[in-house]
Amino acid sequence: MKAHNADKTCWNCPAAIFKGNVDFRACGQSKEGLKKFKEDKQIMIECERRPELGYFDPSITFEECPEWQMTEYGYLLKNMRVMILGIDGYLGWTLALKLGSLGCKVSGIDNFFRRNCVKEKGSHSIVPIASMSERLQAAKEVLDIDIEFRNIDILDRENLARFMKEVKPEAIVHYGECPSAPYSMVDCDHAIKVQYNNVIGTLGLLFLIKDIVPESCLIKLGTLGEYGSPLTGRPLFEGIFPSDAVLIWDNREWSLGGELTPRDPVSFYHVSKVQDTFNVYEACKYWWLRSYDVMQGVIYGTYTEQVAADERLRTRLDIDEWFGTVVNRLVAQAVLGMPLTVYGEGEQIRGLIALEDAMECMVRLISSPPEPGQYDVVNQVSGLHKVSELAETITEVSTEKFGRYTKIQRLENPRVEADIHPFEVVSQKLPNMLGFRPKVSLEKEITRMLELLTQPEIEERIRKVSNTIMPRTWWSGEHKETRVLEIYEPGAKRVEGYEPKLIVGEPEKQMLEKVKVKIPVVS
Amino acid sequence: MSRHERIVIVGIDGVPCGLMKNLSDEGVMPNFRELRKDGVFTKMLSSIPEVSSVSWSSIITGKNPGEHGVYGFTDIIKGTYTLSFHHSSNLKAPTFWQKNESKKCVVVNVPSTYPAQKINGVLISGFVSPDLEKAVYPPSYLEELKSLNYKIDIDSEKGHKSRRLLFEELFETLKLRRKVSESLWEQIAWDIFMIVLTGTDRLGHFLWDAYENKNHESHTEFLEFFRHVDEFVGSIDSRLEENDSLIILSDHGMESIETNMNVNVCLANEGYLVLGDNPKKGYNDIKNGTKAFALEPGRIYLNKEGKYPRGCVKGRDEDRLIEDLVDLFSRLERNGKKVMKKVYRKEEIYQGSHLERAPDLVLLSNSGFNLKAGLHKQQLFEEGSFTGKHTQDDAFLYVRNRENLSIVPEEPSVEDVITILDKQIEGE
């Protein structure tokens with residue numbers, strides 16, 4: 001079967017340096033419209049990797065270019081230079097090893113923001129992680145991967161610029177943001193800290209990309225939470241309305257095709273992500289940058305082949321109320337036999353994806369850059385689940401496979417959100433355009449997590465910080481404990497509310513063609 | 001006969017002999033009118049195809065494309081279908097400045113000399129030159145050009161946006177060209193000075209109708225631009241000394257467009273060209289079963305087995321296919337008018353050691369038909385936004401040699417210019 005990106009061309013390749021727009025009809029040349037495809041003119045590029053080709057038109061397909069080599073995830077640029085911002089984090093480190101093992105030249109920055117924030121909470125990564133220098137050494141020893149690391153704050157544009165000029169990244173994965181809704185809701189200082197780091201960090205980064213590596217693709221981590229969960233049940237499209245979407249009002253009708261879909265953030269952290277979305281979207285429009293905005297579901301798990309290869313290569317796993325995502329937190333509770341905590345009715349529906357699957361998605365995105373000026377959005381989820389059902393599944397696995405029985409407890413919901421809501425998510429691009437098929441079921445990853453977390457050393461580390469699991473950060477700004485509403489036996493609670501719906505099927509061909517015209521190229 | 005001290009060549013791109021005659025007769029170009037009294041002014045045949053890259057390459061080398069290896073602004077990278085753009089290293093015959101290394105030369109804005117190669121003197125490349133940094137030799141002149149905001153060419157996109165911007169670009173570029181040439185004229189003790197004005201060609205493409213139609217709203221500005229060109233010629237002439245020689249010439253002519261004709265559409269309609277549906281793949285979208293394809297403006301290449309990735313034309317079938325294509329294009333008509341004046345087989349027009357890159361057929365259109373090679377077009381004939389197209393048989397040549405006018409052949413072509421130049425260098 002043909003690889004998903006076989007037919008991509010130099011238009012998509014970061015090695016293509018756009019040099020001129022030649023109009024043979026007028027025998028004229030121009031620097032305007034340099035990255036805009038038009039049948040009547042000729043775009044001239046130079047290849048940064050194949051200078052011997054001279055000046056040519058950007059028409060070579062990945063399949064035909066020797067610089068793009070076949071991997072299990074499609075064609076990947078040989079020794080592709082990928083810079084990861086936030087390389088010390090849960091995802092950053094995992095992706096660094098994955099990309100390194102695929103032959104990419106990985107570089108990255110981190111200022112250990114996350115390690116410090118977790119420490120601030122009085123917690124730690126329950127999976128012990130090595131220092132960065134030990135990590136780098138182990139990556140070399142165990143996987144023969146060289147990673148170029150710098151301790152740089154994303155807000156330190158001077159040093160980041162210097163590093164970018166040195167590395168000239170061909171793709172930039174932006175994980176360098178504070179990823180916690182509760183952290184942004186602690187108080188004014190925390191809200192400002194999150195928004196300043198995330199919004200200003202990303203805005204500064206966009207300027208640096210424009211000035212230093214304008215052909216590089218920015219793969220920016222957004223969150224499915226940007227969309228909120230509309231009570232009307234309106235589907236959560238992939239960032240942009242499909243071509244056949246219409247708005248009807250006052251007996252009049254308008255096409256919504258190609259417009260950004262509404263965002264309805266649910267914390268100051270989510271607001272920062274929405275602001276990022278607009279900044280990235282505009283930068284693509286103004287400066288012909290290219291970006292994927294990855295609306296990632298809640299991530300969970302501990303396993304990839306690379307992080308499992310050596311104890312020193314493991315990635316962090318947080319369970320505190322600020323940084324512990326729902327599955328990770330519940331599994332840790334199951335290890336200790338603590339009742340698994342759900343907020344409010346527990347009928348909230350979340351899009352989820354396992355760490356291993358998420359990393360594969362990222363590789364596929366890196367391997368398939370958009371065209372200049374193209375801002376594209378993918379919804380990166382492999383399944384939708386109600387929180388109460390997640391708790392049921394986790395306690396079932398932990399009881400049956402590990403003999404650790406737990407109950408489930410409902411807490412007062414400290415967040416301002418609907419406990420019960422419809423949820424329909426469209427995730428068609430990754431499966432249909434990027435060839436992604438989820439490999440990891442919820443049960444499988446929970447099992448792998450429990451195998452790791454029930455190791456005595458790690459269980460002890462969970463016990464030490466178990467007091468940080470219970471939520472104390474109220475969206476109302478109040479400072480108080482959350483009280484238990486109910487404790488129940490697994491299977492005892494009747495499932496109510498709405499059924500989640502995940503749309504992954506191939507969009508109709510006609511619609512896709514329209515989308516191709518209307519959506520990806522922002523002119 | 002006395003030896004000439006210096007030689008100046010002024011190129012005026014895309015200007016037909018008739019225009020130079022008319023505008024000098026009518027007083028728009030008084031300096032050129034004066035010059036005509038004192039030299040040979042004649043029509044000149046352009047190259048085939050009649051495009052600047054080929055024509056100027058013949059002018060500066062004295063060779064036909066079979067010898068200098070340049071058949072257009074574009075070519076296909078060997079063993080692929082990827083379209084490449086001309087690079088000065090593709091020129092396989094020595095230029096006059098390479099042949100006369102002891103002469104100090106200033107060469108400004110000659111098309112297809114990018115990137116600038118080493119020269120005894122100064123070279124500033126002309127169209128197509130994506131980066132000024134690589135268009136200047138020696139690089140020490142770069143700063144001066146940058147400080148002047150030197151422009152290699154008009155920004156053609158601006159021309160599409162507004163007529164006002166087009167003229168602003170044209171006048172500004174001409175002014176800069178003059179400024180740079182005057183500066184180099186003074187700074188360097190040159191023996192041969194060559195400068196090409198390309199704005200005339202751009203103006204012709206955009207607004208040939210403004211020349212032909214006296215009531216056109218841009219007619220006055222069109223003439224005004226040529227007045228400036230004439231002033232430039234006059235200023236050069238005024239600085240020449242008694243023994244200096246002067247050559248003024250164009251690379252091809254210009255005429256009005258009746259219609260554009262898409263050569264590849266013709267090939268596709270007749271089943272010779274099979275394309276996919278992705279315009280961004282350019283010529284890489286050529287599919288199995290393709291027998292021939294065209295590059296700008298009317299160069300036909302057989303999709304030969306072993307030469308191209310999906311080549312299918314076997315050696316034994318080539319002659320037959322050529323016959324068929326000659327027949328196809330020779331018969332092509334629109335409204336009862338033949339589209340092609342002549343369909344040339346490569347061996348009819350090219351000789352030399354670089355024939356392997358030559359197109360198998362070259363189309364020369366009849367008056368009014370503008371040949372285009374857009375790949376994924378739908379219409380065989382279509383209107384466009386331009387009003388002027390190149391012509392092959394009415395470029396012009398002016399030579400002032402006060403002592404011997406017979407050095408100009410009766411029917412000169414672009415390849416003869418170097419012989420005239422050589423004779424002047426030798427002081428015939």
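## Where chain A meets chain B

The contact between the two chains draws 31 residues from chain A and 35 residues from chain B, and it is described here from a predicted model. On the side of chain A that touches chain B, strand 1 (16-23), strand 2 (28-30) and strand 4 (55-56) of chain A each contribute at least two residues. Strand 1 of chain A provides the largest share of that side, with five residues. When the residues of this side of chain A are sorted by class, 11 are nonpolar, 10 are polar and 10 are charged.

## The overall form of chain A

Chain A contains 14 helices and 23 strands, and its C-alpha atoms fill a box of roughly 80 × 65 × 50 Å when the box is taken along the principal axes. A compact globule of 523 residues would have a radius of gyration near 24 Å, and because chain A has 23 Å, its value agrees with that expectation.

Of the 523 residues of chain A, 54% count as buried. The contacts within the chain can also be sorted by how far apart the partners lie in sequence: among contacts between residues at least 6 apart, 81% join residues that are at least 24 apart.

## The nonpolar cores

The largest nonpolar core has 263 residues, and A:Ile219 and A:Val331 are the residues with the most contacts inside it. Helix 9 (residues 355-366) of chain A gives this core its largest share, which is eight residues.

Chain B is divided into domain 1, which covers 7-257 + 388-426, and domain 2, which covers 259-382. The centres of these two domains of chain B, taken over C-alpha atoms, are separated by 29 Å.

Where the domains meet, 25 residues of domain 1 of chain B are in contact with 29 residues of domain 2 of chain B. Helix 4 (65-68), strand 3 (74-76) and strand 10 (253-256) of chain B each supply at least two residues of the side of domain 1 that touches domain 2. The residues on that side of domain 1 of chain B divide into 10 nonpolar, nine polar and six charged.

## A covered strand in chain B

Strand 21 (residues 395-400) of chain B is mostly covered, and six of its six residues are buried. In a regular strand the side chains alternate between the two faces of the sheet. In strand 21 of chain B both faces are covered, with B:Ala395, B:Leu397 and B:Val399 buried on one side and B:Phe396, B:Tyr398 and B:Arg400 buried on the other.

With which strands does strand 21 of chain B pair in the antiparallel sense? One partner is strand 2 (residues 40-44) of chain B, which pairs with strand 21 over five bridges, and another is strand 9 (residues 245-249) of chain B, which pairs with strand 21 over four bridges. B:Leu397 of strand 21 takes part in both pairings, being the bridge partner of B:Thr42 and standing opposite B:Leu249.

Note on methods: Residues numbered from 1 in each chain as written. Chains lettered and ligands numbered in written order. Predicted model: local features only at pLDDT ≥ 70, side-chain atom pairs only at ≥ 80, totals over all residues. Contact = placed C-beta atoms within 7 Å. Nonpolar A, V, L, I, M, F, W, Y, C, P; charged D, E, K, R; others polar. Domains from an automatic or database assignment. Rg over C-alpha atoms; globule rule 2.2 N^0.38 Å. Buried ≥ 20, exposed ≤ 12 C-beta atoms within 10 Å, placed from the backbone. Pairing = 2+ DSSP bridges. Core = buried A, V, L, I, M, F, W, Y, C linked by C-beta atoms within 7 Å.
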